[in-house]
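Happy to walk through this one with you.

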Amino acid sequence: LVPVTFWELYHAAEDYYHRWPLTILIRLIRFLSFFFSLYLPATFIALAVHNPELIPFTLTIKIAGTQEGTPFPVFLETLFMELAIEILREASIRLPGPFGQTIGIVGGFILGDTAVRAGLISPIMTIVVALTAISSFTAPSFAAAISTRILRFPLMVIAEIGGLYGLSIATIFILINMAGIRSFGVPFLSPLVPLKLSDLKDTFFVAPRWAMVKRPVAYEPLDLKREGTK
């Protein structure tokens, strides 16, 4: 289905079969999961390595306590665990259906628990990596999910080198690149870039059905009204 925008990659067909308050909640959870999937490991590295003063003192003490005795720095811990999760994900895809899901869940649990017991990684790291992996499964589009999985690793490297400043600069470059993409003439970040207020009714939230009379202006439709509306 073309053209496509970034927001539509996180829309699902069942969104239009629920009442609009429920759909708003589900979409907000999806977009929140997108940020967790893309930025959570990198943000944790940036805060733990470069900006620990931004973490509440009690939590800082907890993190420092869990890091004590682990042989690897935070960046290598995160990198090893993310690679392990990606290997398990690919292995579970190649196995038959029921066995693949079981191997992925049980394998991830055993791997994380064993690594913590062996003192190779900290418990807080298993929480970060597990939440990141679970968040990546919420994307309805495989293209969106694989993009976040790929971008996650360079963002982790940037966070290790430049901290939150590096992440901010990387985010600016990502937004500039996304703003320049066009899908069959339609801006990829439309209707936010360029801003079209009338099209915001079906982006990261959805308006009631009675309010969705007109088609998106960004698509330049010949007939502005949707089929079946008055």
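What follows is a set of questions and answers on the terms used for this chain.

Q: What should I know about the model before we start?
A: This is a predicted model, where local features need pLDDT of at least 70, side-chain atom pairs count only at pLDDT 80 or more, and totals for chains, interfaces and linings use all residues. Residues are numbered from 1 along each chain as its sequence is written, and side-chain values use heavy atoms, with hydrogens and water left out.

Q: What makes up the protein chain in terms of helices and strands?
A: The protein chain has six helices and two strands, in the order α-α-α-α-α-α-β-β along the sequence. These are DSSP runs numbered from the N terminus: H or I of at least four residues for helices, E of at least two for strands.

Q: What makes Ala12 buried?
A: Ala12 has a relative accessible area of 10%, and therefore Ala12 is buried. Ala12 lies in the segment before H1.

Q: How do you know what span to expect for helix H5?
A: The expected span is 1.5 Å times one less than the number of residues. Helix H5 (residues 123–136) has 14 residues, and its reach of 20 Å from first C-alpha to last is close to the 20 Å expected.

Q: Why do the buried residues of H5 line one face?
A: The buried residues of H5 are Met125, Val128, Val129, Thr132, Ala133, Ser135 and Ser136. Seen down the axis of H5, they fall within an arc of 165°, so they line one face of the helix. The arc is that of the directions from the helix axis to the C-beta atoms. An α-helix has 3.6 residues a turn, so residues three or four places apart point the same way.

Q: What lies on either side of H5?
A: The buried residues of H5 pack against helix H1 (20–49), helix H3 (74–94) and helix H6 (142–180). On the other side of H5, Ile127 and Ile134 are exposed.

Technical notes. Buried means under 20% relative accessible area, exposed over 50%, partly exposed in between (1.4 Å probe, protein chains only). Contact means heavy atoms within 4.5 Å.
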